[in-house]
Amino acid sequence: MHDSRINLSALDPAQDAERWNQLVESIAARAVARRKQRLTVGYQLLSWARPVLAMAATVIFVFGTKALLSHSERSVMAKKRFETAYVLAKWANNDERPATSNILQVLGEQNVTK
Amino acid sequence: MLAKNVTATLVIRALRGDPDSFTKLVQAHLRAAYSVALAILGRPADAEDIAQDSFLIAFERLDTCREPERFAGWLLQIVRNQARNALVSRRLRDVPAQENSEELSSTSPMPDSSTFRSQLLAALNVLSPVRREVLLLHDLEGWTHLEIANALELSELMSRQHLFLARRELRERLDYKVSEVDHA
C-alpha cells in the first residue's frame, strides 16, 4: 500500500525564494496601502456619498414621476372643463335648446371627471 | 502553520494597521491560499493571481473575520469563492491559452510533456477538487489532518481518506514516476 507523502515540490511556488518573498511583500504593501486609503477623509466621504446620492436619485425619480403624472392628469381635467364650458356657452349664445340627453351627456362627463 | 493564538494576535494587530502583521499573515498563509486556488483552477499562474486577490479582499474585510484564530479557514473560503468565480469566467471566455491547456489536459499534445511539472499538473487535474485540496495542503504545504479538517470543514477521518485516495489515484496516473519521501 502506498501511503507515503508524494513529492510535489515541482509545484512549490516558493522554489524561487526571492520571487516568492517579493510577492509576499508586494501583497502586504498593497493591503496596507488600501487600508490607509480607506482611512482617508476623502474615501470616507466618497463611501458615504455614493449611497446618499443613490438614495437622492431614487427619491427624485419617484417624486418627479409622480409630479409629472399628476400634472398631465390636471391638464386633461382642465381641457374637459374648458370643453364643457365652451359647449354651454355656445348653447347660450346661440339660444339653443339642447335635448335633455345632450345636457346630461355634457354635464355627466363633467361629473365623471370630478 | 502558525499557532492559533499567534494568528489571532496578528489579525488583531493588522486590524489596528500594523504593517508587519500583514506581512506575517501573508507569509504564513500564501502557500496554502495558492494550493487551494491551484486545486480548483489547475493552473499555477491563475492560482497565484487568485491567491493575491483573495488576500487583498480578506484584508479589506478583515473586520468581518469573527474568529481571528480561525483566519486560515476564513481566508481559504475567500480563496475558494474567488477561484470558483474565476473558473466560471474562464469557462465562459473559453479561450484556453496554449500554455494553460497543456497544464490541464493529459491527453493533448504537449511539447512540454516531458517535464515532471506538466505531468503532475495533468495528473492532479484528474482528481476531484476536494482531493486536490487535501493532497496539496498536506503534501505540498505540510498541513496536518487536523489543520486541513478545520480549514476545509471536514472530519479528520475524511481528510485522511481523501488523501489516501488522492495519492493512489495520482500514483496510478503518474505510473509511479513520482518520487516518494518519507513521512516528516
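**Note on chains A and B**

1. Buried residues make up 6% of the 114 residues in chain A. A residue counts as buried if 20 or more other C-beta atoms, placed from the backbone, lie within 10 Å of its own. The model is predicted, so local features need pLDDT of at least 70 and side-chain atom pairs pLDDT 80 or more, while totals for chains, interfaces and linings use all residues. Residues are numbered from 1 along each chain as its sequence is written, and chains are lettered from A in the order in which they are written.

2. Chain A has three helices and zero strands, and its elements run α-α-α from the N terminus on. Helices (H or I, at least four residues) and strands (E, at least two) are DSSP runs, numbered from the N terminus.

3. The contact between the chains takes 21 residues from chain A and 34 residues from chain B. Two residues are in contact if their C-beta atoms, placed from the backbone, lie within 7 Å. On the chain A side there are 11 nonpolar, three polar and seven charged residues. Here Ala, Val, Leu, Ile, Met, Phe, Trp, Tyr, Cys and Pro count as nonpolar, Asp, Glu, Lys and Arg as charged, and the others, Gly among them, as polar.

4. The largest nonpolar core has 57 residues. Such a core is a set of buried Ala, Val, Leu, Ile, Met, Phe, Trp, Tyr and Cys residues joined through C-beta atoms within 7 Å. Helix α2(B) gives the most to this core, with 13 residues. B:Val79 is one of the residues with the most contacts inside the core. Leaving out residues up to four places away in sequence, B:Val79 touches B:Ala33, B:Val36, B:Ala37, B:Ile50, B:Ala51 and B:Ser54.

5. In chain B, the axes of α2 (residues 19-41) and α3 (residues 44-60) come within 8 Å and cross at roughly 135 degrees. Axes are lines fitted to C-alpha atoms, for helices over the stretch in contact, and angles run from 0 to 180 degrees between N-to-C directions. α2(B) and α3(B) are therefore oblique to each other; angles under 35 degrees count as roughly parallel, over 145 as roughly antiparallel, 65 to 115 as roughly perpendicular and the rest as oblique. Residues of this contact divide into 14 nonpolar, one polar and two charged.

6. α2(B) also packs with α4(B) (residues 71-93), at an angle of about 35 degrees and with axes 9 Å apart. Among the residues that meet are B:Ala33 and B:Val36 in α2(B) and B:Val79 in α4(B).

How values were computed
Buried ≥ 20, exposed ≤ 12 C-beta atoms within 10 Å, placed from the backbone.
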